[in-house]
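Biologist: I would like to learn how to read the features of a model like the one below. Please take them one at a time.

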Amino acid sequence: MRIDIMTLFPDTVNAVLHESIIGRAVKKGILDINCVQIRDFTENKQNQVDDYPYGGGWGCVMMAQPLKSCLEHVMSTARENSTGENLRSRVIYMSPQGRPFTQTEARRLRDNYDHLVLVCGHYEGIDERFIEECVDEEISIGDFVLTGGEIAAMAVADSVCRLVPGVLADEECYTGESHWDGLLEYPQYTRPEVWEGREVPEVLLNGDHSKIEKWRRKQQLIRTRDKRPDMFARLDLSEKEDRELLKEISFEESRIKLTEPLSYRKASMDDLDPIMAIVADARAVLKKRKVDQWQGDYPEAKNFVSDIEKGECYLIFHGEEPAGFFTLSCAHEESYDAITDGKWTPDMECCVLHRAAVSAKYRGTGISSYLFRCVDEVSRSYGLRCIRTDTHRKNKSMQRLMRDRGYRYRGNIQISCEPGHDTARQAFEKILK
């Protein structure tokens, strides 16, 4: 791709377009970018490129002759240096009256032409006769007026050049960016994982690329809808995947928003009432989903009294409001010894996650993921890297959550429970890094 920029300020433009990624591509010979001084093609001693407008008015207008002479030089040089027989050239005047420049326009220019000539006007513009005679199209980078066309020309050159094969390391470097497919780009993060209390989304840390792609697509939909509703209105969202994502977004946004910091601490006897209120919420959800996990009156207040006395029960808060709980014990769990259809990781001291739930008010807000991060932290504080737990085979939401948090299915166990209830449980285990 060859780009010639006709300008009164070639040094300024060169300084930008011969640096960074574009500059490296020029050095490699992938791109050929030339800035040509229009003033060098004047026909008077003063090197005059502008004059007063006919009909009166403010300012001056750039004359057609220097522009035409400059363009002829540019085209002649480009043809001489061309390796192909037919050089596909396009002369573009950077003008506030031009076609709005978009990513689609950048792709069109890259695909359809080998050679772009970008004409930078100045003062009050350029003689209309040059436009009529020599310009193929006019392009605008926005509904505003600049002092000259240089900034616009650099923007167009940069956006087109980065699409040329070999300029960027991989095609995905630009196909995943804002505007490529009518969507804005998803959020990006780098180290550290926690910065000023803000965490990198958990899904990006687990290495599950299918989940990462789904999350990114969802974020693109949300960002485009919120930041560019005009773009969102033009999207074709008829694909099943997008329809399902939009339903998920609607459901998640119907939940309460987390506006206060999350925290956790060991529960005390004063916390028994809020813990049992969360238990009642969770039991109602399990009953609705026909998941035979918490049976009869289990878990009862006496279970949590024992947990609290042993220092094994933890309460999670959204601000000052209790939002969830978990019990993590280092005591040996005998029912886990008779695991079938699999086995635990051998020779690992472990702790056991017994009872955990989030208040109905906070389901779908991300507190469940926070709860599991707290479990990891407490396990490490015990000096243990292995966490074991179990759940009912029909509790799909808990199984998905555990898998997202790095837990792996290890086999089946049987628990003791009231007659007439399902005793089978699926066993899961996580080894902390």
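Modeller: Leucine 146 is a place to start; it sits in the loop between E7 and helix H6 (150-161). Bear in mind throughout that the model is predicted.

Biologist: How far is isoleucine 151 from valine 16, C-alpha to C-alpha?

Modeller: The two C-alpha atoms are 10.0 Å apart, while 135 residues separate isoleucine 151 and valine 16 along the chain. For aspartate 307 and alanine 157, 150 residues apart along the chain, the C-alpha atoms are separated by 66 Å. Aspartate 307 belongs to helix H12 and counts as buried because its relative accessibility is 3%.

Biologist: Next, salt bridges. What is the general idea, and how many does a search of the whole structure find?

Modeller: Side chains of opposite charge can pair when their charged atoms come close. The cut-off is a side-chain nitrogen of Lys or Arg within 4 Å of a carboxyl oxygen of Asp or Glu. Over the whole structure, the search finds 34 salt bridges.

Biologist: Which residue forms a salt bridge with arginine 99, and are the two residues buried or partly exposed?

Modeller: The partner is glutamate 105, with 3.2 Å between the closest N and O atoms. Arginine 99 counts as partly exposed, because its relative accessibility is 43%. Glutamate 105 is buried, because its relative accessible area is 10%.

Biologist: What is the closest N and O distance between arginine 110 and aspartate 111?

Modeller: Their salt bridge has its closest N and O atoms 2.8 Å apart. Aspartate 111 counts as partly exposed at 42% relative accessibility.

Biologist: Which salt bridge links distant parts of the chain?

Modeller: Lysine 218 and glutamate 252 form a salt bridge in which the closest N and O atoms are 2.9 Å apart. This pair links distant parts of the chain: lysine 218 is in helix H8 (residues 209-227) and glutamate 252 in helix H10 (residues 240-254), 34 residues apart. Lysine 218 is buried, because its relative accessibility is 9%. Glutamate 252, at 34%, counts as partly exposed.

Biologist: Which residues are linked in a network of salt bridges?

Modeller: A network of salt bridges links Glu199, Glu202, Arg373, Asp376, Arg405 and Lys430.

Biologist: Now pockets. What is the volume of the second largest pocket, and how many residues line it?

Modeller: Its volume is about 460 Å³, and 25 residues line it. Tyr93, Met94, Ser95, Pro96 and Gly125 lie nearest the centre of this second largest pocket. The elements giving two or more residues to its lining are strand E5 (89-100), helix H5 (128-134) and strand E7 (137-140). E5 gives the most, with five residues.

Biologist: Which residues other than glycine have a positive phi?

Modeller: Serine 20 is one of them, with phi near 55°, and it lies in helix H2 (residues 20-28). Asparagine 47 is another, with phi of about 55°. Asparagine 47 is in the loop between strand E2 (32-37) and strand E3 (50-51). Its relative accessibility is 35%, so asparagine 47 counts as partly exposed.

How values were computed: Residues are numbered from 1 along each chain as its sequence is written. This is a predicted model: local features need pLDDT of at least 70, side-chain atom pairs count only at pLDDT 80 or more; totals for chains, interfaces and linings use all residues. Side-chain values use heavy atoms; hydrogens and water are left out. Helices (H or I, at least four residues) and strands (E, at least two) are DSSP runs, numbered from the N terminus. Buried means under 20% relative accessible area, exposed over 50%, partly exposed in between (1.4 Å probe, protein chains only). On a 1 Å grid over the protein atoms alone, a cavity is a set of points where a 1.4 Å probe fits but cannot get out, and a pocket is an open set with protein on both sides within 12 Å along at least five of seven lines; lining residues have an atom within 4 Å of a point. Grid points are joined across faces, edges and corners, and a volume is the space filled by probe spheres set on the points.
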